[in-house]
Amino acid sequence: MLTGWNPEGAGLKSRWLFRETHLGLARRDHPVCQTKPTHAELLRWPHVVPSAGDGFGDWVSDDLPDMAERRVLVRAESFALVPYLLQASEAVALLPRRAAERFAAAHGLGVFPAPQEIQPFDYHLVWHERSDGDMGTRWLVEALSAVFSKSD
C-alpha cells in the first residue's frame, strides 16, 4: 500500500519513497490560476476536498486554521474524482503536488501555488511483515522504490 500517513502498526514494514508538497487545482480558465492566491482569496471559492477512508484528516485546516472556514462544495470519496468535480465549476482543490500535476495534464485543468504553510509530508510503501519474505512482495518493494527514487 502507498500511503501519506505515518506507517505505524504492529507487524507493519515500510519504506520511505518521497517527500511531497501541495499544489492548487482548478479549471484552466479559473481566475485563481492566474495568481498566487492569499488565504482570503482562496476562501472566496468553494472547495473540493478528497476524503478517502475513515479518519482521513483535513490537512489544509490542520495547517491553516483560518481555512477551516472554507466552503466545502463536496468531499470526494476518492482523489480520482476531484478533477471531474472541478472541470465545470468554480471550485478549487488543494492536493498533493504530483497528483495535481497529473490531473492538470490529463484533464486540461490549471494549477496555482498552494499556501506555503501547508506542511509537506512523506509517502511510504507499507506491507505486512508476514509478506516480507515473499519474492513478489520484495520485487514490488524494490521496483516501486526504484521508480520513486528517479522521480523529482
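The chain, taken here from a predicted model, folds into 5 helices and 8 strands (DSSP runs, H or I over at least four residues for helices and E over at least two for strands, numbered from the N terminus). Read from the N terminus on, the order is β-β-β-α-β-α-β-α-β-α-β-β-α. Residues are numbered from 1 along each chain as its sequence is written, and side-chain values use heavy atoms, with hydrogens and water left out.

Now to the sheet. It is an open one of 3 strands, ordered β1-β8-β2 with antiparallel pairing; two strands count as paired if DSSP finds at least two bridges between them. At the edges sit β1 (2-3) and β2 (12-20), each pairing on one side only. Helix α5 (residues 135-150) packs on this sheet and touches β1, β2 and β8, a contact being heavy atoms within 4.5 Å. The direction of α5 makes about 15 degrees with that of β2 (axes are lines fitted to C-alpha atoms, for helices over the stretch in contact, with angles from 0 to 180 degrees between N-to-C directions). As for β1 and β8 (residues 121-128), 2 bridges join them, and L2 has L125 as its bridge partner in β8.

On the whole-chain scale, the C-alpha trace spans about 50 × 30 × 25 Å along its principal axes. Of the 152 residues, 43% count as buried, meaning under 20% relative accessible area with a 1.4 Å probe, protein chains only. Among contacts between residues at least 6 apart in sequence, 78% join residues at least 24 apart.

Definitions and conventions:
This is a predicted model: local features need pLDDT of at least 70, side-chain atom pairs count only at pLDDT 80 or more; totals for chains, interfaces and linings use all residues. Buried means under 20% relative accessible area, exposed over 50%, partly exposed in between (1.4 Å probe, protein chains only).
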